[in-house]
Amino acid sequence: MINLVKSLKPGSVIGIVGGGQLGRMMAISAKEMGFRVGVLDPTEDCPAAQVADWHIVAAYDDILALQELAKRCEVITYEFENVSVEALNNILPFANVPQGTDLLAITQDRLLEKSFLEDNNVVIAPYEVIINPTDIQDAIDRIGFPCVLKTTRGGYDGKGQYVLYSTADLAPSMNLLREGTCELEAWIPFEKEISVMVAGNGETYTTFPVVENIHRNNILHETIAPARVADEVAEEAARIARQIAEALNLRGCLAIEMFLTKAGGIYVNELAPRPHNSGHYSIEACNLSQFDAHIRGICGWPLPKVNLLQETIMVNILGEHLAETYDLIDLKADWQFHYYGKKEAKPGRKMGHITILTEDLYETLEEIYQTGIWD
C-alpha cells in the first residue's frame with residue numbers, strides 16, 4: 001500500500017525514521033522549504049535530531065513510537081533501508097509513507113532485488129542462491145572464480161560479503177552461510193564503479209549526473225562528477241535509472257550503483273531507496289540537491305531537470321581523517337566542509353565530507369592526495 005501526498009504545504013510536519021547524516025541533510029532541506037521536522041532514532045543527540053524540531057528516542061521497529069510519529073506528522077520517510085518493513089506496515093493504514101514499503105522490502109533482500117531487476121530486463125551479474133553449504137560447490141562450477149559470496153540481508157560498506165578467488169577461500173567464506181541464505185555472484189571485471197541518483201514524485205522523474213565512485217576498503221572514498229565516461233555510457237546509465245524508477249513508481253530518491261566494463265557494458269549492482277553518499281556532491285554542484293529532490297518527491301512537489309553547475313569532487317571524511325581535516329579549514333577557502341555532528345570518531349566511520357568545485361578534475365585529485373590525509 002502506498003499513500004501519495006500531493007503538494008504538501010510548507011508548515012506541515014515531515015517525520016524521518018533514522019537520525020544519521022542522511023536524515024540530518026534531509027531535515028536541513030526540509031527546513032529550508034518551510035517544513036517542520038521530527039526524527040525517530042534510538043540515539044540521543046543524533047545528527048538529524050540536532051537540526052530537527054523534535055526527536056522521539058526509540059528503536060526503529062518500536063511500533064508504539066512509530067504510531068506516535070505518525071500522529072505528529074503529515075508524511076513519513078526513512079533515511080536508510082534497515083527500517084522494519086513489518087513495523088512500517090503496521091502504521092500504513094493511518095500514516096502517509098509515500099515511498100511505501102515494497103521498495104524497502106526489495107532493497108533489504110538481495111534476492112528480491114535481483115528478481116525485481118531481472119523482471120524489468122535490467123542487466124545484473126550472474127548469480128546462484130546458496131541455502132546450504134553443500135550448494136556452494138555446484139554454484140561455483142556454474143559461476144566460476146573469482147566470485148563473491150554475499151548475505152541476502154544487512155550488508156553495507158563491504159560487510160556481509162566475501163570474495164572467493166580459489167577453493168582455498170571456501171573454508172573462511174563459510175562464516176557468512178551461518179547467517180542464513182546467501183547468494184554467489186560472478187565477479188564483474190569492471191573498469192569503473194558508477195552511480196546515478198534518480199528522484200520521482202510518483203508522476204515525473206528526474207536523474208542526476210552519472211558519477212564515478214572510488215572505494216577504499218569497500219567504503220566510498222571519492223565521488224567524481226561527472227563520471228569520466230563516454231556520453232553514450234552516461235546516457236545509457238541514466239536511461240536504466242529512469243526505467244527502474246518508473247517500474248517502482250518512485251517517490252523520493254533512489255541510488256543505483258553500477259559496474260562499467262572496459263567494453264562499455266553496464267551491470268546494476270545495488271539499489272538504495274534514499275539519498276546516498278555518492279550524491280552528496282549535489283548540494284553545491286547542482287541546481288537541485290539530492291536531499292531537496294527527496295523532500296520534493298515525498299511531498300508531491302514538481303521536480304525540475306537537474307543540471308551539473310561545475311565539475312566536482314566529493315571526498316569522505318572518516319574517523320581516522322577527522323582531526324587532520326580541521327587543519328584544512330584555514331587553508332582551503334574553496335573547499336566546502338560538511339561535518340555530521342557525531343560524538344565519537346571511529347576508524348571507518350563517516351564523520352563528514354568535503355566538496356570541491358573545480359575546473360580541472362585531475363589537478364584537484366592531486367591536490368587532495370597532496371594533503372597526505374587520505375594516503
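Glu193, Ile194, Asn213, His215, Glu257, Met258, Phe259 and Asn269 line the largest cavity of this predicted model. The volume of this cavity is about 30 Å³, and the search returned one cavity of 30 Å³ or more. Three elements, strand E9 (190-201), strand E11 (211-216) and strand E13 (251-261), each contribute two or more residues to the lining of the largest cavity. Strand E13 provides the largest share, with three residues. Classified by residue type, the lining of the largest cavity comprises three nonpolar, three polar and two charged residues.

Open pockets were also examined. The second largest pocket has a volume of about 300 Å³. Its lining is made up of 19 residues, and those nearest the pocket centre are Thr207, Phe208, Pro209, Val210 and Ala238. At least two lining residues come from each of strand E10 (205-207) and helix H8 (231-248). Helix H8 gives the most to the lining of this pocket, namely four residues. The lining of the second largest pocket contains 13 nonpolar residues, together with three polar and three charged ones.

An open sheet is formed by four strands in the order E5-E8-E6-E7, and the pairing is antiparallel. The edge positions are taken by strand E5 (127-130) and strand E7 (161-164); each has a single partner strand, so one side of each lacks a neighbour in the sheet. On average, and with direction ignored, neighbouring strands of this sheet are turned by 20° against each other. In general, strands of a sheet pair through backbone hydrogen bonds, in either a parallel or an antiparallel manner. Here, strand E5 and strand E8 (residues 182-186) run antiparallel and are joined by four bridges. Within this pairing, Glu128 has Leu184 of E8 as its bridge partner.

The cysteine residues were considered next. Zero disulfides were found in a search of the whole structure. Cys147 takes part in no disulfide, and the nearest cysteine sulfur, belonging to Cys182, lies 12 Å away. With a relative accessibility of 0%, Cys147 counts as buried. For Cys286, the closest cysteine sulfur is that of Cys253, and the separation of 11 Å is too far for a bond, given that a disulfide requires sulfur atoms within 2.5 Å. Cys286 likewise counts as buried, because its relative accessibility is 7%, and the threshold for burial is under 20%.

Methods:
Residues numbered from 1 in each chain as written. Predicted model: local features only at pLDDT ≥ 70, side-chain atom pairs only at ≥ 80, totals over all residues. Heavy atoms only, no water. 1 Å grid on protein atoms, 1.4 Å probe; cavity = no way out; pocket = protein on both sides within 12 Å on 5 of 7 lines; lining within 4 Å. Points joined across faces, edges and corners; volume = space filled by probe spheres on them. Nonpolar A, V, L, I, M, F, W, Y, C, P; charged D, E, K, R; others polar. Buried < 20%, exposed > 50% of the residue type's maximum accessible area, 1.4 Å probe, protein only. Pairing = 2+ DSSP bridges. Axes fitted to C-alpha atoms, helices over the stretch in contact; angles between N-to-C directions.
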